[in-house]
Amino acid sequence: MDAIRTVDLTKQYGDLTAVDCLNLQVKQGELFSLLGVNGAGKTTLMRMLTTLIKPTAGQITWDGDDIFAMDVKYRTLLGYLPQDF
């Protein structure tokens with residue numbers, strides 16, 4: 001089953017924890033949205049899922065493979081359109 005999965009995903013900026021131990025699975029073809037107040041970590045999460053930034057801790061996998069190790073192969077699978085580019 002093709003899916004993107006996060007396990008205990010965390011991103012910290014100094015003393016600020018932007019994403020804290022997130023466990024998530026989205027199967028290929030599923031749609032999802034992120035809702036939250038400003039500063040909730042939505043953009044940070046999307047930047048990690050698109051390999052623009054690396055997590056402080058935890059793992060992100062696509063079909064069981066680490067997305068950062070997949071490099072270009074992973075990015076060919078993505079479709080991402082941020083509000084501000």
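The structure shown in the views below is a predicted model.

**View 1. D63 sits in the loop between strand 3 and strand 4 (65–66).** D63 has a positive phi of about 50°, although this residue is not a glycine. Most residues other than glycine have a negative phi. With a relative accessible area of 41%, D63 is partly exposed, because that class covers values between 20% and 50%.

**View 2. T51 lies in the loop that runs between helix 1 (42–49) and strand 3 (57–62).** The phi of T51 is near 65°, a positive value in a residue other than glycine. Is T51 buried or exposed? T51 counts as buried because its relative accessibility is 16%, and the cut-off for buried is under 20%.

**View 3. The largest nonpolar core has 13 residues.** Those with the most contacts inside this core are I4, L49, I60, W62 and Y74. Strand 1 (3–13), strand 2 (16–27), helix 1, strand 3 and helix 2 (67–70) each supply at least two of the core residues. Which element gives the most to this core? Helix 1 does, with four residues. In soluble globular proteins, nonpolar side chains tend to be buried together.

**View 4. I4 and the residues it touches.** Leaving aside residues up to four places away in sequence, I4 touches L24, Q25, V26, L49, I60, T61, W62 and Y74. L49, I60, W62 and Y74 are also listed, with I4, as having the most contacts inside the largest nonpolar core.

**View 5. The protein chain as a whole has three helices and four strands.** Along the sequence, these elements follow the pattern β-β-α-β-β-α-α. The radius of gyration is 13 Å, close to the 12 Å that the globule rule gives for 85 residues, so the chain is as compact as a globular protein of that length. The C-alpha trace spans about 35 × 25 × 20 Å along its principal axes. Of the contacts with a separation of 6 or more, 49% join residues 24 or more positions apart.

**View 6. The surface and charges of the protein chain.** The accessible surface comes to about 6,100 Å², and carbon and sulfur atoms hold 51% of it. Buried residues make up 29% of the 85 residues. The chain carries 8 positive and 10 negative side chains, and the centres of these two sets are 3 Å apart.

Notes: Residues numbered from 1 in each chain as written. Predicted model: local features only at pLDDT ≥ 70, side-chain atom pairs only at ≥ 80, totals over all residues. Heavy atoms only, no water. Buried < 20%, exposed > 50% of the residue type's maximum accessible area, 1.4 Å probe, protein only. Rg over C-alpha atoms; globule rule 2.2 N^0.38 Å. Contact = heavy atoms within 4.5 Å. Areas by Shrake-Rupley, 256 points an atom, 1.4 Å probe, with all protein chains shown as cover. Lys, Arg positive; Asp, Glu negative; His and termini not counted. Charge placed at Lys NZ, Arg CZ, Asp CG, Glu CD. Core = buried A, V, L, I, M, F, W, Y, C linked by side-chain atoms within 4.5 Å.
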